[in-house]
Amino acid sequence: MQQIDADSIKVIIDTNALMVAEQFGVDIFGELIRLGYIEWIVPAQVRGELLSIAERAKKGRDRTAARVALGLAGQCKVVGIDNCPADQAIVDLAEKESAAVFTNDRALKKRLFSKGITVIYLRQGRYLEATKKEY
């Protein structure tokens with residue numbers, strides 16, 4: 001069982017993380033609750049990326065995953081305005097809110113680890129795990 005900081009109840013959810021539900025059949029909100037994260041935040045940039053994927057994806061399953069992810073984003077608190085790249089918005093928001101970040105993006109995870117931000121990621125295609133350091 002992972003140790004979660006007492007104030008680490010907020011999690012910012014990245015585009016690819018929202019798509020995990022459809023792509024891997026994972027109950028992401030159930031998993032986040034299991035880890036102790038009860039406040040789910042989606043930057044406006046992530047919602048914008050999902051809209052773009054839902055409209056323009058070449059693969060039907062990516063379009064479907066993006067549409068499902070948009071529905072899931074509706075269960076989250078959407079914050080900010082879509083005025084900068086999503087990764088930058090996520091890093092800035094994580095620092096401002098003292099929140100963890102749920103992402104599977106390798107480059108973004110590296111940036112977050114360098115700032116001491118807790119990262120939640122999909123493990124073995126079945127469950128989520130949280131860590132503060134690179135694995």
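Is Ile 9 buried, exposed or partly exposed? With a relative accessible area of 33%, Ile 9 is partly exposed, where buried stands for under 20% relative accessible area, exposed for over 50%, and partly exposed for what lies in between (1.4 Å probe, protein chains only).

## About the model

The structure is a predicted model, in which local features need pLDDT of at least 70 and side-chain atom pairs count only at pLDDT 80 or more, while totals for chains, interfaces and linings use all residues. Residues are numbered from 1 along each chain as its sequence is written, and side-chain values use heavy atoms, with hydrogens and water left out.

## A nonpolar patch

Ile 9 belongs to the segment before β1 (10–13); helices (H or I, at least four residues) and strands (E, at least two) are DSSP runs, numbered from the N terminus. Together with Ile 33 and Ile 38, Ile 9 makes a nonpolar surface patch of about 270 Å². Patches are made of residues with over 30% relative accessible area and no salt bridge, and nonpolar side chains (Val, Leu, Ile, Met, Phe, Trp, Tyr) are joined within 5 Å, like charges within 9 Å. The accessible areas come from the Shrake-Rupley method with a 1.4 Å probe, and for residues only the protein chains shown count as cover.

## Helix α1 and its partner

Helix α1 covers residues 15–24, and its buried residues include Thr 15, Leu 18 and Met 19. These three residues in α1 meet Val 46, Glu 49, Leu 50 and Ile 53 in α3, a contact being heavy atoms within 4.5 Å. Just after α1, Gly 25 has a positive phi of about 70°.

Two packed helices are described by the angle between their axes and the distance between the axes. For α1 and α3 (residues 44–56), the angle is about 55° and the axes are 9 Å apart; axes are lines fitted to C-alpha atoms, for helices over the stretch in contact, and angles run from 0 to 180 degrees between N-to-C directions. The two helices α1 and α3 are therefore oblique to each other, because angles under 35 degrees count as roughly parallel, over 145 as roughly antiparallel, 65 to 115 as roughly perpendicular and the rest as oblique.

## Salt bridges

A salt bridge is a side-chain nitrogen of Lys or Arg within 4 Å of a carboxyl oxygen of Asp or Glu, and by this rule the count comes to five. One of them joins Arg 34 and Glu 31, at 2.7 Å from N to O. These two residues are three apart in helix α2 (residues 28–35), and so are separated by about one helical turn; Arg 34 is partly exposed at 37%, whereas Glu 31 is buried at 15%.

Another salt bridge links Glu 95 with Lys 115, whose closest N and O atoms are 3.6 Å apart. Because Glu 95 lies in helix α5 and Lys 115 in the loop between α6 (106–114) and β5 (119–123), the pair ties together parts that are 20 residues apart in sequence. In a further salt bridge, the closest N and O atoms of Arg 123 and Glu 129 are 3.4 Å apart, with Arg 123 partly exposed at 30% and Glu 129 buried at 18%.

Cys 84 is found in the loop between β3 (77–79) and α5 (86–97) and is partly exposed, at 27% relative accessibility. Not counting residues up to four places away in sequence, Cys 84 touches Gln 45 and Ala 89.

Thr 131, in strand β6 (residues 127–131), is buried at 17% relative accessibility. Beyond its neighbours within four places in sequence, Thr 131 has contacts that include Phe 113, Ile 117 and Tyr 121.
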